Structure formats: structure tokens, C-alpha cells
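Please consult the sequence and the model alongside the text.

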Amino acid sequence: MMPKQTTDVDRLVGLRITALRKARGMSQTALGTAVGVTFQQVQKYEKGQNRVGAGRLREIARLLEVPVSAFFEESDAAGRPQEDVFGFLSAHGAIEVLRAYAAIQDDQLRRDILAIVRTASRLGQGTPPVDGTA
């Protein structure tokens, strides 16, 4: 009998656990303690090296205040996979940027910051800004 191998689904679940845990400001140690495993085990879950059992995944979902379905790929009404927000959130600093952006109360300031970030993104990709300015 072959040993159980992790799959792309295990890696997807791990990425989403990471993103949701970080969005809650929770450490791997705190999550591990809450579900009864070590932080090293949480690391293995998040890297997709170990599978997360159904009961433990349900407990993680409860702690992170999300439905269990949040850990799995979803499709739109036409059956096409939705853009994976969790992939974006796994980028270094993404959650911190999102928290800071959400804390801004002024709508115009938010629009201005979004314009700056879009321009920086285009410049980083070698694409000239849309309005012709640098």
C-alpha cells in the first residue's frame, strides 16, 4: 500500500489557512495551541506537507470565524473558478497593506492611494502610466 501523498488541494487549504490566520492577526503557535497541535504542525498544514483532518479543519474554521468551505476552491454561477483572493493575500505584506487601507476613513484619500498603488504596479511591470505621467 502506498503512503498517503499530499495533493494540490492540501496545498490550497494550507495557503488559505495561512491567509485567514494572518488576517486575524493570529500566530501559528496560538492557532496550534487552540486546536491541540504544535506550531510546527501548523507550519506543515500551511505548507501543504501534511493533510488537515476534517475535524481539525472544522475547528480551525471555527477559530478563524469562517465556514469550512472557505478553504476550498469555489466556482461562479457558470462553473468557472473565481479569482483566488487567497493567492493575493499570501504576498508578503499584503495583509498589512489591506489593514492599513481599510483603516483610512476618507474616501478621496482611499481613491488617491489606490491610484498611487496602481501606478506603482504598472511601473514595476515596465508599463507606462495610463495618464502619461511618471
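The model is predicted: local features require pLDDT of at least 70, side-chain atom pairs count only at pLDDT 80 or more, and totals for chains, interfaces and linings use all residues. Residues are numbered from 1 along each chain as its sequence is written, and side-chain values rest on heavy atoms, with hydrogens and water left out.

**Overall fold**

- The protein chain contains 7 helices and 0 strands, where helices (H or I, at least four residues) and strands (E, at least two) are DSSP runs numbered from the N terminus.
- Of the 134 residues in the protein chain, 25% are buried; buried means under 20% relative accessible area, exposed means over 50%, and partly exposed lies in between, with a 1.4 Å probe and protein chains only.
- Among contacts (heavy atoms within 4.5 Å) between residues at least 6 apart in sequence, 55% join residues at least 24 apart.

**The Arg21 and Glu46 pair**

- Arg21 belongs to helix α1 (residues 8-23), and Glu46 belongs to helix α3.
- Both side chains belong to buried residues, because the relative accessible area of Arg21 is 7% and that of Glu46 is 8%.
- The side chains of Arg21 and Glu46 make a polar contact of 2.6 Å; such a contact is a pair of N or O atoms within 3.5 Å, and within protein one atom must be able to donate a hydrogen and the other to accept it, while residues adjacent in sequence count only if both atoms are side-chain atoms.
- Leaving aside neighbours within four places in sequence, Arg21 is in contact with residues including Met26, Leu31 and Leu64.
- With residues up to four places away in sequence not counted, Glu46 touches Gly14, Leu15, Ile17, Thr18, Arg21 and Gln28.

- The buried residues of helix α3 (residues 39-47) are Gln41, Val42, Tyr45 and Glu46.
- These residues lie on the same side of α3, because they cover an arc of only 140° around the axis, the arc being that of the directions from the helix axis to the C-beta atoms.
- The buried residues of α3 pack against α1, α2 (28-35) and α4.

- Asp8 and Gly48 are 40 residues apart in sequence, yet their C-alpha atoms are 7.9 Å apart in space.
- Asp8, in helix α1, is exposed at a relative accessible area of 59%, and its side chain joins that of Arg11 in a polar contact of 2.8 Å.
- Glu65, in the loop between α4 (54-64) and α5, has a phi near 60°, a positive value in a residue other than glycine.
- Glu65 is exposed, with a relative accessible area of 59%.

**The largest pocket**

- The largest pocket holds about 500 Å³ of space. On a 1 Å grid over the protein atoms alone, a pocket is an open set of points where a 1.4 Å probe fits, with protein on both sides within 12 Å along at least five of seven lines; lining residues have an atom within 4 Å of a point.
- Among the 15 residues that line the largest pocket, Ala94, Val97, Leu98, Leu114 and Val117 are the closest to its centre.
- Helices α5 (85-89), α6 (94-103) and α7 (107-124) each give two or more residues to the lining of the largest pocket.

Notes
Grid points are joined across faces, edges and corners, and a volume is the space filled by probe spheres set on the points.
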